[in-house]
Amino acid sequence: MQASSRWFIATTIFLSMLLVVMPLPQQWLWFRPAFPALLVIFWVSRMPQVLGVGFAWLVGILEDLVTGASLGTHALALSVLAYFSLLTYQRTRVFNPAQQLLWVFVLVGINQVVGNWVHGLEGKTVPGLTFLWPALTTALLWPCVTPPLRGLCNRLHIR
């Protein structure tokens with residue numbers, strides 16, 4: 001991987017971490033998109049030979065450190081997400097935008113279920129299916145975020 005690729009990937013992850021800790025009103029916190037999950041799906045699907053479960057685990061550890069969550073919570077959830085992304089990246093590349101949106105909802109939903117399971121083990125349960133709101137907002141963001149990222153990747157020759 002070229003140095004410019006590393007810097008661009010690191011910059012996008014850094015921006016996602018800033019968005020994770022960006023202050024929001026209390027009533028909007030459940031609707032915050034899972035920006036690191038969105039970028040893990042994008043980068044693992046874009047560069048599956050180079051980035052994989054280990055990359056997702058590192059992003060998850062970084063998210064744990066930034067948010068103050070129990071160490072390993074996001075790392076486990078993002079690793080599972082990356083595993084399923086790696087299993088299906090060839091098929092999802094040919095999906096139309098609506099199918100990609102639904103697949104991102106499923107992937108981030110799995111990410112949220114794993115995270116909620118870990119929180120449940122800690123005694124911090126979430127009532128109902130409230131924890132799935134970020135999956136919906138992330139999926140709705142997918143068609144808005146990926147074309148500009150693809151364009152920048154093509155312009156910077158990141159493959």
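**Figure 1. The cysteines Cys144 and Cys153 in the predicted model.** The sulfur of Cys144 lies 17 Å from the closest cysteine sulfur, that of Cys153, which is too far for a bond. A disulfide is defined as a pair of cysteine sulfur atoms within 2.5 Å, and the structure holds zero disulfides. Cys144 is exposed, its relative accessible area being 53%, whereas Cys153 is buried at 0% relative accessibility. Here buried means under 20% relative accessible area, exposed means over 50%, and partly exposed covers the range in between, computed with a 1.4 Å probe on protein chains only. Because this is a predicted model, local features need pLDDT of at least 70 and side-chain atom pairs count only at pLDDT 80 or more, while totals for chains, interfaces and linings use all residues. Residues are numbered from 1 along each chain as its sequence is written, and side-chain values use heavy atoms, with hydrogens and water left out.

**Figure 2. The packing of helix α2 against helix α6.** Helix α2 (residues 35-46) packs with helix α6 (residues 133-155) at an angle of about 45 degrees, and their axes are 10 Å apart. This angle makes α2 oblique to α6. Axes are lines fitted to C-alpha atoms, for helices over the stretch in contact, and angles run from 0 to 180 degrees between N-to-C directions. Angles under 35 degrees count as roughly parallel, over 145 as roughly antiparallel, 65 to 115 as roughly perpendicular, and the rest as oblique. Helices are DSSP runs of H or I with at least four residues, strands are runs of E with at least two, and both are numbered from the N terminus.

Figure 3. Contact means heavy atoms within 4.5 Å.

Figure 4. Met47 is found in the loop between α2 and α3 (53-67). With 3% relative accessibility, Met47 counts as buried. The C-alpha atoms of Met47 and Leu86 are separated by 9.7 Å, although these residues are 39 residues apart along the chain.

**Figure 5. The contacts of Thr73.** Thr73 belongs to helix α4 (residues 73-92) and is buried, with a relative accessible area of 2%. Leaving aside neighbours within four places in sequence, Thr73 is in contact with Asp64, Gly115, Val118, His119 and Glu122.
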